[in-house]
Amino acid sequence: MTREELISITIDKYTDLQRIKKANGGYENSELDYQIKVVTAKLSSLGISIEDIAL
């Protein structure tokens, strides 16, 4: 897997989690929040800013 493929897959996962969070209707979900934090950290380690893709 190339770096570009890894970045693309990780961005897709992040956006999927963001859509789930939005559809969750504001209910607390600690597992979802944790998964978002982990993916955010992975993107950051790859040098990708989530500022432009965060809901």
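Select α1 and α2 and look along the pair: their axes come within 10 Å and cross at roughly 155 degrees. Helices here are DSSP runs of H or I with at least four residues, numbered from the N terminus. The axes are lines fitted to C-alpha atoms over the stretch in contact, with angles from 0 to 180 degrees between N-to-C directions. Because angles over 145 degrees count as roughly antiparallel, α1 is roughly antiparallel to α2. The crossing of α1 past α2 is left-handed, meaning that the near helix is turned anticlockwise from the far one by less than a right angle.

This is a predicted model, in which local features need pLDDT of at least 70 and side-chain atom pairs count only at pLDDT 80 or more, while totals for chains, interfaces and linings use all residues. Residues are numbered from 1 along each chain as its sequence is written, and side-chain values use heavy atoms, with hydrogens and water left out.

Next, show the side chains between the helices. On the α1 side, the residues that meet α2 include Ile7, Thr10, Ile11, Tyr14 and Leu17; among their partners in α2 are Leu32, Ile36, Val39 and Leu43. Contact means heavy atoms within 4.5 Å.

Now select Tyr14, Leu17, Leu32, Ile36, Val39, Leu43 and Ile50, the 7 residues of the largest nonpolar core. Such a core is a set of buried Ala, Val, Leu, Ile, Met, Phe, Trp, Tyr and Cys residues joined through side-chain atoms within 4.5 Å; buried means under 20% relative accessible area, exposed over 50%, and partly exposed in between (1.4 Å probe, protein chains only). Helices α1 (3–23) and α2 (30–45) each supply at least two of the core residues, and α2 gives the largest share, 4 residues.

Stay on Leu43. Apart from neighbours within four places in sequence, Leu43 touches Ile7, Thr10, Ile11, Tyr14, Ile48 and Ile50.

Finish with the charged pairs. The count is 2 salt bridges, each a side-chain nitrogen of Lys or Arg within 4 Å of a carboxyl oxygen of Asp or Glu. Select Asp16 and Arg19: this bridge has an N to O distance of 2.3 Å, and both residues lie in α1, 3 residues apart, about one turn of the helix. Asp16 is partly exposed, at 35% relative accessible area.

Then select Lys21 and Asp33, whose closest N and O atoms are 3.0 Å apart. This pair links distant parts of the chain, with Lys21 in α1 and Asp33 in α2, 12 residues apart. Lys21 is partly exposed at 39%, and Asp33 is also partly exposed, at 24%.

Terms used
Angles under 35 degrees count as roughly parallel, over 145 as roughly antiparallel, 65 to 115 as roughly perpendicular and the rest as oblique.
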